Every structure is written in structure tokens, then in C-alpha cells.
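Colleague: I have a model open and I want to learn how to read it. Can we go through it feature by feature?

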Amino acid sequence: MQDLVRLAALVAVAEDGSITRAAARLGYTPPALSQQLAKLEREAGAALLVRHHRGARLTPAGELLVARARRVLDEMDRARHELARLSGLSGGRLRVGTFTTVGIHLLPPVLSAFRRAHPAVELTVAEYEPPGGVRAVASGEVDLALTHTYEPAEPAPPPPGVELEPLLVEELVLVTAPGHVLAEGSGRLPLAELAGQPLISSAPDHPPRRGVEGALARAGATPSVVCRTPGYALVCALVSAGLGVAVVPEMVASMTASPLGVRALEPTSFRRTISVAHRGDESGPAAASLRALLRGGFARAQAAGAGASSGRPSRAG
């Protein structure tokens with residue numbers, strides 16, 4: 001009689017008045033539910049149900065056991081809720097930091113999955129341009145934050161107590177106006193081919209971009225327009241208008257609304273790594289749950305991006 005599943009089955013039959021209807025509600029077949037009830041009767045040492053052509057009714061022993069079972073099941077349900085609340089997954093809040101690109105394109109479906117799994121957790125989302133999100137995690141402003149680093153560059157170590165978990169690595173690609181001569185070729189474009197090209201310089205003073213901007217300068221790309229903001233939507237709009245070319249993450253090139261030509265670069269060491277910054281176990285179970293969802297969601301995005309890029313022509317838009 002200590003099996004909660006069998007006690008729940010007996011309560012369901014008492015409420016539905018039928019083994020067939022109770023089985024449908026619990027996801028059993030009627031024979032399987034009958035077996036569970038037969039085991040419960042053997043454990044109780046008494047008949048608990050009287051079966052008849054219209055269903056089943058409780059015997060006096062069944063009524064006594066159902067009354068006790070309801071109390072037990074209610075207590076166990078209350079305990080589950082209290083444990084969930086104690087672990088931070090039923091109630092409480094989760095504070096998430098993100099940067100613009102991933103916040104628009106990758107984070108929303110992950111947060112939607114988190115909401116379905118943990119509807120009682122209050123979610124707050126704040127925007128931090130990297131590396132601001134890492135500092136926000138270190139100071140306790142947010143529980144975790146999405147951030148990025150670029151190659152070629154030497155990434156700065158995270159503050160004490162903060163861990164960085166890589167989620168997605170993507171190449172940087174050249175974007176041009178549609179029909180631009182550099183977008184017409186096949187294969188990877190050697191970086192030296194950018195010598196003399198008017199460049200939309202993407203936030204050259206922004207710490208994550210300094211290594212990329214320095215490499216482009218050494219290759220001879222000539223700044224045509226300097227975007228002090230690190231937002232790629234403006235960069236791509238200026239490129240699409242024919243004001244210059246730019247080097248941006250592949251995700252940006254594939255998801256921007258502006259018509260663009262796209263070309264892979266050589267060498268392939270120009271990359272952006274998207275990571276989640278957190279405080280390990282100190283971040284709490286809600287943050288751990290979201291990190292697991294981020295890993296799955298970003299892995300699917302990486303696979304989808306690889307499939308799309310393998311079949312993508314050199315000219316886009």
C-alpha cells in the first residue's frame with residue numbers, strides 16, 4: 001500500500017466511477033490499470049472495488065483507503081511544490097543579460113522553452129553590449145549573460161568567480177552590396193583582396209572588435225564610414241546602400257533584412273564565439289536550467305547555420 005501510483009489509480013477510479021475512464025485519464029490501458037488495482041488489493045488484504053457492468057464502486061475498505069490516499073497524495077503534491085520553490089524553479093526570478101544580435105535571433109525561443117518548463121519563475125532581460133554582460137554577472141546585476149569574443153584577438157580572462165561557457169562559434173564573412181564584384185567569385189576570398197576597398201568599420205574602439213579591425217587595417221582595407229556603435233543592423237544597411245564593404249558574423253549576414261552579397265574569407269581564423277557567463281553553482285538552479293536550454297538551442301542553431309552555409313551561393317539578397 002506504499003506505492004503512490006496504485007493509490008492514485010484507486011482514487012482515479014473512485015472519482016471516475018469506471019476503470020476504463022480512469023485508465024484513459026491516467027494514460028494506462030484498462031488491463032494495465034486493473035493489474036495495478038489487483039496488486040493493491042493483495043497488499044491491502046481486502047477487496048477494494050466491486051466491478052459491475054456500468055463501471056466500479058468502492059467497498060467499505062476501498063472508501064477507507066481512498067480517504068487516506070487522498071491525504072497522502074495531497075501531502076506529496078504539496079511537498080513537490082515546496083521542493084520546487086526551494087530549488088528556485090517555482091517562484092523566484094531569473095535575470096538574464098544579452099547583446100542585441102543574439103537577443104533578437106536566438107534567445108527568444110530558448111526563453112519560451114524555459115517559460116513552458118518553469119512558468120512561475122519571473123524572467124527579466126536586460127541588454128549589455130559585451131563585455132558589459134560579464135561585468136554585470138560579476139557584480140550580481142544578472143544571474144547569467146550572453147556575451148561574445150572575436151578572433152583574431154586575445155580574450156580577456158573573466159572576473160573572479162565568473163565562468164564562461166562557449167555555446168556557438170561562427171565565422172566572420174564579407175558582406176557587400178548586391179552585385180558587388182567581390183561577391184561574384186566562388187570560394188573563399190583572400191583577405192588581401194580587401195586592400196583598397198572602402199570599409200564600413202564596425203566600432204573600431206569596441207574591445208571585442210579591435211583584433212578584427214586591426215587585421216583589416218593591416219590587409220589594406222580603407223575606412224570609408226566608421227560606425228561607432230557596435231550595432232550590425234546599421235552596418236549592413238550602409239553596406240547594402242553601396243557605401244562600402246564590411247566583415248560581420250555569419251549569423252548577422254544570414255538574418256539581416258538588408259539585401260547583401262556574402263563571401264567567405266581566407267584565412268578562416270576570423271571567428272566570433274558566443275558564450276554564456278555565469279557564477280557556477282552560485283547562479284542557482286533556474287540559471288542552470290536555462291544554461292541547459294541554451295546549449296540545446298544554440299547547438300540546433302549551429303547545425304542549421306552549417307547546413308544553410310554549405311548550400312549558400314556566394315551572392316545573397
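Modeller: We will take helix packing, a hairpin, the cysteines and some backbone details in turn. Keep in mind that this is a predicted model.

Colleague: Start with helices. What describes the packing of two helices?

Modeller: Two packed helices are described by the angle between their axes and the distance between the axes. Take H1, residues 4–16, and H3, residues 30–44. Their axes come within 9 Å and cross at roughly 110°. H1 and H3 are therefore roughly perpendicular to each other.

Colleague: Which residues of H1 and H3 make the contact?

Modeller: H1 supplies Arg6, Leu7, Ala9, Leu10 and Val13. H3 supplies Leu33, Gln36, Leu37, Lys39, Leu40 and Glu43. By class, that gives seven nonpolar, one polar and three charged residues.

Colleague: At what angle do the axes of H2 and H3 cross?

Modeller: H2 covers residues 19–26, and its axis crosses that of H3 at roughly 100°. The two axes come within 9 Å. H2 is therefore roughly perpendicular to H3. On the H2 side, the contact uses Ile19, Thr20, Ala22, Ala23 and Leu26. On the H3 side, it uses Pro30, Leu33, Ser34 and Leu37. Seven of these residues are nonpolar, two are polar and none is charged.

Colleague: Now strands. Do S1 and S2 run parallel or antiparallel?

Modeller: Antiparallel. Four bridges join S1, residues 49–52, to S2, residues 55–58. The two strands form a hairpin, with two residues between them.

Colleague: How many disulfides does the structure hold?

Modeller: A disulfide is a covalent bond between the sulfur atoms of two cysteines. This structure holds zero. Cys227 is in no disulfide, and the nearest cysteine sulfur, that of Cys236, is 9.8 Å away. That is too far for a bond.

Colleague: Are Cys227 and Cys236 buried or exposed?

Modeller: Cys227 is buried, at 4% relative accessible area. Cys236 is buried too, at 0%.

Colleague: Which residues does a cis peptide bond join?

Modeller: Pro131 lies in the loop between S4 and H7. Another joins Glu151 and Pro152, also with omega about 5°. Pro152 is in the loop between S5 and S6.

Colleague: Back to H9. Which of its residues are buried?

Modeller: H9 spans residues 210–218, and its buried residues are Gly211, Val212, Glu213, Ala215 and Leu216. Their cover includes S5, S6, S8 and S10.

Colleague: One last residue. Where is Gln197 found?

Modeller: In the loop between S7 and S8. Gln197 counts as buried, at 16% relative accessibility. The cut-off for buried is under 20%. Leaving aside neighbours within four places in sequence, Gln197 is in contact with His180, Leu182, Ala221, Thr222 and Val245.

Definitions and conventions: Residues numbered from 1 in each chain as written. Predicted model: local features only at pLDDT ≥ 70, side-chain atom pairs only at ≥ 80, totals over all residues. Heavy atoms only, no water. Axes fitted to C-alpha atoms, helices over the stretch in contact; angles between N-to-C directions. Parallel < 35°, antiparallel > 145°, perpendicular 65-115°, else oblique. Contact = heavy atoms within 4.5 Å. Nonpolar A, V, L, I, M, F, W, Y, C, P; charged D, E, K, R; others polar. Pairing = 2+ DSSP bridges. Disulfide = S-S within 2.5 Å. Buried < 20%, exposed > 50% of the residue type's maximum accessible area, 1.4 Å probe, protein only.
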